[in-house]
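Take a moment with the model below.

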Amino acid sequence: MNDLFYEMEGKQIQKMNKVLADVELTKAEEKTLTWLAGWEESTVDHLLSVIEKAARIRAD
């Protein structure tokens with residue numbers, strides 16, 4: 001794979017880390033999120049949006 005892919009994957013992981021900052025993850029969950037970071041950016045953005053919405057609902 002090329003450097004551009006790894007750069008994109010790194011940006012995806014940064015986005016996930018921002019949303020999941022205080023969430024304790026298992027190794028299996030971390031592995032899944034690393035795998036997901038290789039997907040299309042819009043897919044990751046949509047999933048993170050759903051996670052944020054769920055967190056807001058549960059906080060209320």
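Glutamate 9 touches Thr34, Ala37 and Gly38, leaving aside residues up to four places away in sequence. The model is predicted. Glutamate 9 sits in helix H1, which covers residues 3-19. Its setting deserves a look: glutamate 9 is buried but has no salt bridge. The nearest side chain of opposite charge belongs to lysine 31, 13 Å away.

Now take helix H1 as a unit. Its 17 residues, at 1.5 Å a residue, should span 24 Å. The end C-alpha atoms of H1 lie 25 Å apart, which agrees. Which residues of H1 are buried? They are Glu9, Gln12 and Met16. Viewed down the axis of H1, the buried residues fall within an arc of 60 degrees, so they line one face of the helix. An α-helix has 3.6 residues a turn, so residues three or four places apart point the same way. The face of H1 turned away from its buried side carries exposed residues: Asp3, Leu4, Gln14 and Lys18. The cover over the buried residues of H1 includes helix H2 (27-36) and helix H3 (41-59).

Helix H2 contributes leucine 33. Leucine 33 touches Met16, Leu20 and Leu25, not counting residues up to four places away in sequence. Leucine 33 and glutamine 12 are 21 residues apart in sequence, and their C-alpha atoms are 9.4 Å apart in space.

Step back to the whole chain. The protein has 3 helices and 0 strands. Along the sequence the pattern reads α-α-α. The C-alpha trace spans about 45 × 25 × 15 Å along its principal axes. Of the 60 residues, 15% count as buried. Among contacts with a separation of 6 or more, 73% come from residues 24 or more positions apart.

Charged pairs come next. Side chains of opposite charge can pair when their charged atoms come close. How many salt bridges are there? The count comes to 4. One joins lysine 11 to glutamate 7, with the closest N and O atoms 3.6 Å apart. Both residues lie in helix H1, 4 residues apart, about one turn of the helix. Lysine 11 is partly exposed at 48% relative accessible area, and glutamate 7 is partly exposed at 46%.

Another salt bridge pairs lysine 15 with aspartate 45, the closest N and O atoms being 2.7 Å apart. This pair links distant parts of the chain: lysine 15 is in helix H1 and aspartate 45 in helix H3, 30 residues apart. Lysine 15 is partly exposed, at 24% relative accessibility. Aspartate 45 is partly exposed too, at 30%.

In helix H2, lysine 27 and glutamate 30 lie 3 residues apart, about one turn of the helix. Their side chains meet in a salt bridge of 3.9 Å, N to O. Lysine 27 is exposed at 68% relative accessibility, whereas glutamate 30 is partly exposed at 35%. Salt bridges that share partners also join Lys15, Glu41 and Asp45 into one network.

The aromatic rings complete the tour, with a count of 2 aromatic pairs. The rings of phenylalanine 5 and tyrosine 6 have centres 5.6 Å apart and planes at 75 degrees, so the pair is edge-to-face. Phenylalanine 5 is partly exposed at 22%, and tyrosine 6 is partly exposed at 46%. The rings of tryptophan 35 and tryptophan 39 have centres 5.2 Å apart and planes at 70 degrees, so this pair is edge-to-face. Tryptophan 35 is exposed at 54%, while tryptophan 39 is partly exposed at 41%.

Notes:
Residues are numbered from 1 along each chain as its sequence is written. This is a predicted model: local features need pLDDT of at least 70, side-chain atom pairs count only at pLDDT 80 or more; totals for chains, interfaces and linings use all residues. Side-chain values use heavy atoms; hydrogens and water are left out. Rings of Phe, Tyr and Trp (its six-membered ring) pair if their centres lie within 6.5 Å; planes under 30 degrees apart count as stacked, over 60 as edge-to-face and the rest as tilted. Buried means under 20% relative accessible area, exposed over 50%, partly exposed in between (1.4 Å probe, protein chains only). Helices (H or I, at least four residues) and strands (E, at least two) are DSSP runs, numbered from the N terminus. Lys and Arg count as positive and Asp and Glu as negative; His and the chain ends are not counted. Contact means heavy atoms within 4.5 Å. The expected span of a helix is 1.5 Å times one less than its number of residues. The arc is that of the directions from the helix axis to the C-beta atoms.
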